[in-house]
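The report below describes selected strands and helices of the structure shown here.

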Amino acid sequence: MKTRTITTFAALLLSLSLTSSANATAIQQTKGDFKDKFRQLEEVLPTPNVYRNAAGEPGENYWQQQVDYKIKVSLDEAKRRLTGSEKITYQNNSPYKLKYLWVQLDQNIFKDDSIANAANNFGGIGRRGPYTKAGDAKTPAKISLGELRRQQFMADNELGYEISAIKDSKGKKLNFTVVGTQMRIDLPKPLKSGDDVVFSIDFAFNIVEEDAVSARSGYEHFEKDEREGGNDIFLLAQWFPRLHAYTDYEGWNNKEFLGRGEFTLEFGDYEVEINVPADHIVSATGVLTNPKSVLTSKQRQRLEKAKTAKRPVFVVTEEEALANEKEGTNKRKTWKFKADNVRDFAWASSRKFMWDAKGYKQGGDDMPFVMAMSFYPKEGGDLWKKYSTESVIHTMDVYSRYSFDYPYPTAQSVNGPVGGMEYPMITFNGPRTELQKDGSRTYSQAEKRFLIGVVIHEVGHIYFPMVVNSDERQWTWMDEGLNSFLDGIAGREWDPTIPWGVEPRDITGYMKSQNQVPIMTQSDSVLRLGPNAYTKPAAALNILREVILGRELFDFAFKEYSERWRFKRPTPSDFFRTMEEASGVDLDWFWRGWFYSTDHVDIAIDKVYQMRLDTHNPDIDYGRLRQIEADKPSSLFVERNKTEGKELWVDRNSDVTDFYDTNDRFTVTNKERNKYNKFLKGLKPWERKTLERAIKEDKNYYVLEFSNVGGLVMPILLELTYKDGSKDSMYIPAEIWRRTPKQVRKLIVTDKEKELASVAVDPGWETADVDVENNHYPRQIIPSRVEAYKAKKRTDKVSRDIMKDIKTELKADKDPKQNKKDKKDK
Amino acid sequence: MPKSLYILLVSLLLIAATPAFAHQQKAAESTVLFNKRTGQMEVSHRFYMHDTEHAVQSLFDKNADIISSKKTQQQFADYVAQQFLLQTLAGTNLPLIDVGYEVEGKFFWVYQEAVIPSALVGVKMFNGALRELWPTQINMVNIEGKGSVRTLYFSENEDWLVTKF
């Protein structure tokens with residue numbers, strides 16, 4: 001039996017985090033255990049320079065490379081093979097001389113000997129889906145059919161790039177060295193700053209079956225289609241050798257493609273000629289430049305009509321697509337596309353596609369008109385007809401308000417085997433309808449949410465990172481976190497009854513868990529990408545906007561970041577610095593806590609005590625002291641004596657009395673009054689005035705004690721409930737934790753009649769506080785989830801089987817039983 | 001040590017070649033709460049609705065609909081219960097009672113419980129939900145109410161995991 005304790009794993013993680021933090025902390029607190037949660041980030045962030053300044057802006061000498069591509073590519077449908085030739089112009093805008101260029105060969109990830117595959121094999125059959133049956137660990141491990149399919153596909157197909165020639169502009173061969181998914185091309189002479197170099201690469205590769213290998217592109221086969229041999233949808237991405245990024249902060253981005261960390265690329269202009277079977281419809285990054293050679297005049301008319309249509313217009317109708325997918329042709333056509341200032345180029349091709357389009361009048365100077373389009377097979381059905389193109393437009397409408405106008409002439413959504421993936425001007429989205437026995441196609445509510453959600457998310461990626469060109473291979477959160485935050489905004493503007501976006505409470509389970517890494521971790525090393533790179537940063541930005549900065553400041557700063565880095569390459573420090581200096585709020589503590597640490601939010605209210613002002617006037621204070629004494633419970637001893645009927649000496653001898661029987665120890669004499677008057681005389685006028693006013697107002701003074709259990713400093717959101725039933729909200733800025741990050745006290749002064757009854761911390765669950773039990777004073781019994789579930793009656797309308805219930809027949813009025821009951825009720 | 005650490009990391013980061021969109025998270029979170037007030041071990045499993053939507057179509061039938069069909073919801077809750085097992089350190093089964101399930105926004109919750117046995121010094125746990133279906137599924141379990149939170153991750157070929165109090 002295989003039994004592994006959690007401690008091993010935790011120990012490994014610990015040693016990891018120690019090594020990484022050792023690099024970051026040059027300054028150490030070696031006495032006491034004080035942690036400066038507000039320590040400025042300057043010592044962690046890269047030193048500002050002429051390329052990136054201290055304000056988070058592109059610096060005075062900011063540069064980035066430009067790479068232009070002219071590509072001719074041909075799709076062999078039968079062999080599922082792509083053959084192409086590209087002419088690349090590399091413009092060296094850096095101040096440095098380059099002796100060689102690095103190229104990304106992403107298709108090589110599918111080669112047997114790629115690092116991804118070699119490491120994949122390490123676990124042997126144990127890696128994907130290996131599984132011993134529940135409850136009986138002695139049953140031999142099973143291998144999933146999916147994994148078998150993957151291995152068989154990889155064994156049967158020669159995968160990865162075949163690079164046949166790399167030549168300079170004069171046709172002279174260039175030396176190249178392939179290193180996994182990367183290739184170094186040695187230049188005949190160093191490329192000087194400001195110069196460009198032209199070279200060409202001839203390449204070919206066999207396209208992977210997406211469903212078999214779970215890639216970001218590939219083909220999907222439809223064997224049931226009427227055409228003999230069926231049909232395919234081809235989604236082509238990472239399909240041509242692309243230049244690696246060369247940057248001011250990292251030099252060449254020599255990070256092997258392992259599958260998870262996505263891409264970082266240079267902007268450039270593309271002219272791409274795509275040769276496919278003549279009955280295919282092609283969707284691609286950019287604008288079609290030869291519509292007359294590939295579209296019928298009818299299709300071109302429809303496209304024209306779509307520009308001003310209220311709802312999407314079919315350029316290729318369902319009937320036409322169905323007729324198309326039944327036949328096939330030996331003829332070929334070449335679709336020509338042009339795309340300016342994009343960081344990548346992707347395309348899709350199939351004879352199965354129907355195609356709808358609708359113009360989006362964005363206005364503004366940059367791109368007043370955008371054509372939104374969708375391409376999908378019959379399997380997409382009504383779901384796609386109704387919602388795909390509309391979702392594309394909704395995304396542009398919302399995102400533009402928070403960032404900048406959509407900068408490209410087209411925005412497309414294509415249905416294929418990929419669940420969701422983004423490229424400039426084109427996105428691949430997976431949702432489908434189900435074919436029912438009666439031939440109709442239906443879809444569930446969840447699939448509808450999926451379609452709208454995924455289109456918003458992927459089109460959102462055209463802004464981040466396709467235009468705000470963050471480094472995905474390094475920092476997944478920079479595009480996924482920002483985009484998940486924004487898609488939540490766009491979703492809630494679509495229909496807030498659908499549960500969109502990220503609520504702070506969604507992330508508490510992850511944030512209190514033991515094994516995690518900071519958000520600021522390289523993509524491939526993140527342990528759980530979903531909560532770490534999507535949910536946690538999105539929740540953090542949500543809290544920053546709604547709780548800490550407020551919408552006005554946040555939106556201004558976020559827009560500033562977007563505009564500054566539009567068509568440029570930001571790093572995390574540029575984001576942190578811009579948000580801080582554009583909002584005018586010191587946020588270093590926030591970035592430290594949420595992005596650089598694994599602390600969680602757990603603020604407890606430990607104690608509340610009341611204080612009352614000493615008036616110094618014995619005629620007031622002594623009376624109060626007497627009352628305090630009287631309010632104390634009397635001694636149990638005395639009480640029991642009373643109960644037993646013990647007769648007291650003083651009662652038995654009531655004839656013996658003296659002065660002290662009528663004057664207790666709180667009796668005020670002139671001695672105290674004289675002292676008081678002397679005290680008053682000694683006060684300066686302002687002191688006397690202040691005291692007089694305070695005595696007159698007789699306010700309530702409460703001291704609230706808080707402790708920070710989770711470690712992450714956050715503002716304290718308070719709800720004060722008074723004895724008269726009224727409530728007040730109070731916001732204590734995070735800065736209260738600055739000098740004592742573990743414990744703080746807050747004085748609260750209320751009017752005489754406003755007596756405090758209870759205090760709650762973050763009652764609206766806005767800060768991702770992981771433990772709400774310690775958020776109340778006095779403590780309350782907070783039912784656990786299971787307790788709460790058992791207690792509440794099920795009112796959850798979502799679980800009604802409406803599809804079945806809707807077929808219920810309405811009972812007629814003359815139903816005798818019902819009539820009888822009605823009468824009785826009256 | 002450094003070498004084995006490296007290998008472990010490589011295998012870890014390979015488990016998830018997730019597409020850019022996290023709508024389908026293939027990740028569930030569970031809490032085993034030792035509730036001193038009720039004397040129960042309370043188990044709450046949280047699944048993304050969208051994960052379950054796809055899962056039920058593979059697990060049960062193509063038209064299974066977890067949003068609107070109570071039958072599918074019950075089926076899925078039963079499936080989760082079958083896949084989640086607790087034992088004492090000595091290997092004695094700690095049978096759990098099904099409490100129920102509910103949909104809350106984008107999450108599907110399944111609840112179970114059992115009386116906390118006396119003198120429990122740790123538990124062995126197995127959480128196989130959706131892992132046979134999806135190799136990249138990760139099930140995180142937080143153990144609460146026994147000092148600081150402990151976390152177990154069920155992914156890849158993790159079988160029974162152990163936590164000691």
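This is a predicted model: local features need pLDDT of at least 70, side-chain atom pairs count only at pLDDT 80 or more; totals for chains, interfaces and linings use all residues.

With strand β3 (residues 81-91) of chain A, β2(A) pairs in the antiparallel sense, over 11 bridges. Here V73(A) is placed opposite G84(A) of β3(A). The two strands β2(A) and β3(A) make a hairpin, with four residues between them. In the turn, R80(A) adopts a positive phi of about 50°.

Strands of a sheet pair through backbone hydrogen bonds, in either a parallel or an antiparallel sense.

## The two faces of β2

Side chains in a regular strand alternate between the two faces of the sheet. Strand β2 (residues 66-76) of chain A has a covered face made up of V67(A), Y69(A), I71(A), V73(A) and L75(A). Its uncovered face carries Q66(A), D68(A), K70(A), K72(A), S74(A) and D76(A).

## A three-stranded open sheet

Strands β27, β28 and β31 of chain A form an open sheet in the order β27-β28-β31, with antiparallel pairing. From one strand to the next, the twist averages 20°.

Strand β28 (residues 700-708) of chain A is joined to β31(A) by eight bridges, and these two strands run antiparallel. E705(A) stands opposite R745(A), a residue of β31(A).

## Helix packing and burial

Helix α12 (residues 529-549) and helix α13 (residues 551-564) of chain A pack at an angle of about 135°, and their axes are 7 Å apart. The helices α12(A) and α13(A) are therefore oblique to each other. On the α12(A) side the contact is made by L544(A), R545(A) and L549(A), and on the α13(A) side by R551(A), L553(A) and F554(A). By class, this contact has four nonpolar residues, two charged residues and no polar ones.

Helix α10 (residues 476-494) of chain A contains 19 residues. Its span from first to last C-alpha is 26 Å, close to the 27 Å expected at 1.5 Å a residue. Helix α10(A) is mostly covered, with 15 of its 19 residues buried.

Technical notes. Residues are numbered from 1 along each chain as its sequence is written. Chains are lettered from A and ligands numbered from 1 in the order in which they are written. Two strands pair if DSSP finds at least two bridges between them. Axes are lines fitted to C-alpha atoms, for helices over the stretch in contact, and angles run from 0 to 180 degrees between N-to-C directions. Angles under 35 degrees count as roughly parallel, over 145 as roughly antiparallel, 65 to 115 as roughly perpendicular and the rest as oblique. Two residues are in contact if their C-beta atoms, placed from the backbone, lie within 7 Å. Ala, Val, Leu, Ile, Met, Phe, Trp, Tyr, Cys and Pro count as nonpolar, Asp, Glu, Lys and Arg as charged, and the others, Gly among them, as polar. The expected span of a helix is 1.5 Å times one less than its number of residues. A residue is buried if 20 or more other C-beta atoms lie within 10 Å of its own, exposed if 12 or fewer, and partly exposed in between; C-beta atoms are placed from the backbone.
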